[in-house]
Amino acid sequence: MPEPSARPVVFQLKEAFLTAVPLLPKNAPFSPEEINVLNKVVSRTTPLQRSWLAGFFAGFEVAQGGQAAPAAAARPRVPLTVLYASESGNAEGLAIKAKKAAQKHGLDARVVDIADADMGLLAKAKNLVVYASTWGEGDPPSRAADFYHALMSDGAPRLDGVRFAVLALGDTSYAQFCATGKAIDARLEALGATRAADRIDLDLDFAKQAVEWTQGALAKLAPTDAPSSTVVHADLHSSAQAADEDAPLYTAETPLEAEITALINLNGTGSTRETWHVELASDAPGFTYVPGDAVGIVPENDPDLANPYLSKAHKEAYDLACKISARLLPKTGAYHEIWLDGEKAEDKSGEAAENEEPIYGVHYLPRKFKTVVAVLPDNVVDIFAQDLGFIAIVEKSEVVGYNVTVGGGMGMNHGETDTFPRTADILGFCTPEQAVDVAEKVVTVQRDWGNRELRKRARLKYTIEDRGIDAFRAELEQRIGHKLGKPKSFAFQSTGDVIGWRQGADKKWHLTLFIENGRVKDQTGHALRSAVREIAETRACEFVLTSNQNLILANITAEARPQIEAILKAHGVSITASSGLRRNSMACVALPTCGLALAESERYLPDLITALEDVLDKAGLRDADIVMRMTGCPNGCSRPYLAEVGLVGRGPGLYNLYLGAAFDGTRLNKLYAQDVDNAKILKLLDPLIVQYANERNEGERFGDFVIRAGFVTATPAGNRFHEDVKLAG
Ligand SMILES: Cc1cc2nc3c(=O)[nH]c(=O)nc-3n(C[C@H](O)[C@H](O)[C@H](O)COP(=O)(O)O)c2cc1C
Ligand code: SF4
């Protein structure tokens with residue numbers, strides 16, 4: 001089993017309400033080192049000491065015959081009204097900052113909550129800056145509703161002579177992006193006001209652009225007759241706003257990076273709540289606090305984890321998959337020839353017929369062969385269930401190579417213990433350049449070593465069981481002409497798809513839709529098939545089928561996203577599943593489609609889950625991620641032996657129940673009950689779910705719990721799958 005590795009997580013600290021001490025700004029006329037040294041001294045000074053220093057240096061310059069810096073010339077103060085429409089405080093925060101910045105532009109700013117404003121105030125304003133967010137579905141914040149409707153009404157006053165600028169806050173994941181700000185901006189112009197600066201529409205990462213826009217807008221609204229030398233550049237980015245004693249030293253835009261030295265969950269085991277005790281260490285200059293101060297902690301994920309699609313690593317992994325596919329494709333033209341009574345009746349093979357089959361020779365492979373590539377931490381391809389796998393090892397956003405896995409597979413036969421599911425072994429590490437050759441040579445070893453006499457033992461997993469992983473590695477290394485490296489440490493998180501919207505590094509959107517058991521069909525109130533057809537007709541996205549039977553609508557632009565959402569909504573299509581159990585469930589087709597099926601699967605699992613959802617509700621586990629998979633026979637097409645709860649058909653209405661696989665797909669489950677019907681399955685699982693809710697350790701997965709609680713023993717390797725079975729009574 002792979003060793004878990006620590007995942008780097010950067011925590012940043014924003015100090016929202018801490019008392020600031022004056023520090024030299026970055027643009028002070030000193031080198032960065034000098035600023036640092038001076039700040040260390042200044043950060044410990046009292047107001048009296050600072051006044052003394054200021055007087056001392058000014059007096060010294062005069063005594064030397066020099067000139068002390070002239071006091072800023074008095075400038076005309078021009079009134080400015082800063083209005084904000086805010087629900088959760090973002091627009092309000094920007095308005096307050098704008099007031100401070102306005103002083104530096106010779107503007108006398110007054111900040112007004114739109115909830116307290118009326119049309120009279122608006123008409124009297126000479127200069128106006130509006131910060132407005134959007135809520136609901138394109139609505140103004142609730143407190144701003146009255147003002148907003150008055151402004152939009154026919155009774156709104158003319159605003160000739162008012163100069164204005166609007167900053168709109170919103171979220172691009174909403175169809176009506178920044179609707180309130182846009183409407184206010186248009187209405188002010190329609191009422192005769194003059195736009196001093198173009199409106200800006202900002203997404204959730206608004207902080208930096210808002211500061212820049214505010215500076216620009218204030219500069220346009222500032223009195224033009226003021227001597228330019230008196231305009232002081234207010235560097236809102238600077239962590240040290242020397243001129244503004246009240247400003248917080250560290251903010252969301254200028255967070256303090258601090259090391260987390262302790263992180264302890266204060267809630268007891270079994271609690272569904274989390275209260276964290278966090279200890280932070282920082283020796284940053286000027287960082288002081290008093291009891292009652294509040295601190296905001298902003299955890300940051302590695303961008304590759306937060307944006308798995310279209311990240312560089314995923315692109316490289318995808319490219320490798322394409323190259324392996326191209327290399328392993330049969331070159332023979334035999335598939336294009338038709339033979340009848342010993343005579344070649346048709347030959348469409350063209351050039352291919354001339355070519356020899358370089359990899360598969362005349363015998364091909366003894367059985368099917370599956371290859372996958374995984375990008376940590378998502379094991380969505382269930383790599384340990386596959387013949388050959390490559391785990392991308394990513395360092396600083398670059399794929400530095402791959403851990404190679406071999407010998408996974410699911411199928412077995414009931415009652416034949418020399419057949420078993422098996423998790424793949426980790427063979428070694430190879431560089432990106434070596435990977436395709438490694439894939440080819442693994443295939444050739446299986447071609448030459450695979451069991452061609454006994455079909456049920458023909459997969460690569462049995463070749464490795466029979467010959468041993470060391471012998472297999474030695475043979476492979478001999479064929480590739482070099483040794484494989486030592487596997488790198490890694491950790492997967494889960495085998496499930498992340499359902500819902502995700503944004504790629506290139507800002508395109510990807511929607512993973514939960515498709516129950518992979519069946520795209522119209523049902524009453526949930527016309528999935530019609531919705532998918534209509535979406536296809538828009539040509540606004542690509543379709544990607546996942547290894548978990550779900551559907552990704554990929555590469556959607558921000559502009560096209562509302563259209564996709566509207567189509568889904570119009571057809572009643574919900575993006576996600578009704579519970580964590582359903583979200584993580586899979587069934588093979590089984591009856592009536594599959595000739596090998598012994599029992600129902602696709603047509604039965606949804607109903608079983610509905611019944612279990614009642615118990616999950618009572619246990620407070622409706623949203624808990626628990627992996628459940630079902631097949632109609634032991635061939636294991638939906639990978640039931642890697643499910644925390646696995647059900648495998650034995651006969652009409654009867655199943656074997658397996659428990660205890662690892663959530664991340666690294667450990668097989670174990671037989672828990674044999675030949676159980678629907679009633680017995682519920683009778684066995686109901687109390688287990690309740691016990692799990694009550695007794696699980698913090699973060700403990702269901703598959704791990706059933707082992708710790710003694711319901712099944714862990715299966716450490718495929719060849720121990722049939723060992724240590726204790727059937728439930
Ligand atoms: C329930 C809810 C509904 C929202 N609706 C919209 C919307 O329709 N359009 C939009 O652009 N942003 C929408 N937003 C995003 C907010 O406008 C955004 O978070 C903004 O920064 C909030 O600013 P405020 O704290 O000043 O209210 C919504 C946010 C929430 C929580
Ligand atoms: S697991 Fe068995 S029943 Fe299900 S699809 Fe595969 S072969 Fe058919």
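Colleague: How do the residues of the shell around ligand 1 divide into nonpolar, polar and charged?
Modeller: This is a predicted model, in which local features need pLDDT of at least 70, side-chain atom pairs count only at pLDDT 80 or more, and totals for chains, interfaces and linings use all residues. Residues are numbered from 1 along each chain as its sequence is written, chains are lettered from A and ligands numbered from 1 in the order in which they are written, and side-chain values use heavy atoms, leaving out hydrogens and water. Ala, Val, Leu, Ile, Met, Phe, Trp, Tyr, Cys and Pro count as nonpolar, Asp, Glu, Lys and Arg as charged, and the others, Gly among them, as polar. The shell around ligand 1 comes to 7 nonpolar, 10 polar and 3 charged.

Colleague: Which residue reaches an oxygen atom of ligand 1 with an N or O atom in its side chain?
Modeller: Let's look at polar contacts, here pairs of N or O atoms within 3.5 Å. Backbone atoms supply two of them: asparagine 90 at 2.8 Å and alanine 91 at 2.7 Å, each from an oxygen atom of ligand 1. The side-chain contact, at 2.8 Å, belongs to serine 133.

Colleague: And how much of the accessible area of ligand 1 does the protein cover?
Modeller: Accessible areas come from the Shrake-Rupley method with a 1.4 Å probe. On its own, ligand 1 has 640 Å², and the protein covers 85%.

Colleague: How many charged residues does the shell around ligand 2 have?
Modeller: Residues around a ligand have a heavy atom within 4 Å of it. For ligand 2 they include Cys588, Cys594, Cys633 and Cys637. The shell has 7 nonpolar and 4 polar residues, and its charged count is none.

Colleague: Is cysteine 637 buried or exposed?
Modeller: Buried means under 20% relative accessible area, exposed over 50%, and partly exposed in between (1.4 Å probe, protein chains only). Cysteine 633, at 10%, counts as buried. Cysteine 637 has 60% relative accessibility, so it counts as exposed.

Colleague: Which residue in β28 stands opposite leucine 657?
Modeller: Strands are DSSP runs (E, at least two residues), numbered from the N terminus. Strand β27 (residues 654-659) runs antiparallel to β28, joined by 4 bridges. Because 5 of the 7 residues of β28 (residues 670-676) are buried, that strand is largely enclosed by the rest of the structure. Opposite leucine 657 stands alanine 673.

Colleague: Is aspartate 185 buried or exposed?
Modeller: Aspartate 185 sits in helix α6 (residues 179-190), a DSSP run of H or I with at least four residues. Its C-alpha atom is 8.6 Å from that of valine 130, 55 residues away along the chain. With 4% relative accessibility, aspartate 185 counts as buried.

Definitions and conventions:
Polar contact = N/O pair within 3.5 Å; in protein donor to acceptor, adjacent residues only side chain to side chain. Pairing = 2+ DSSP bridges.
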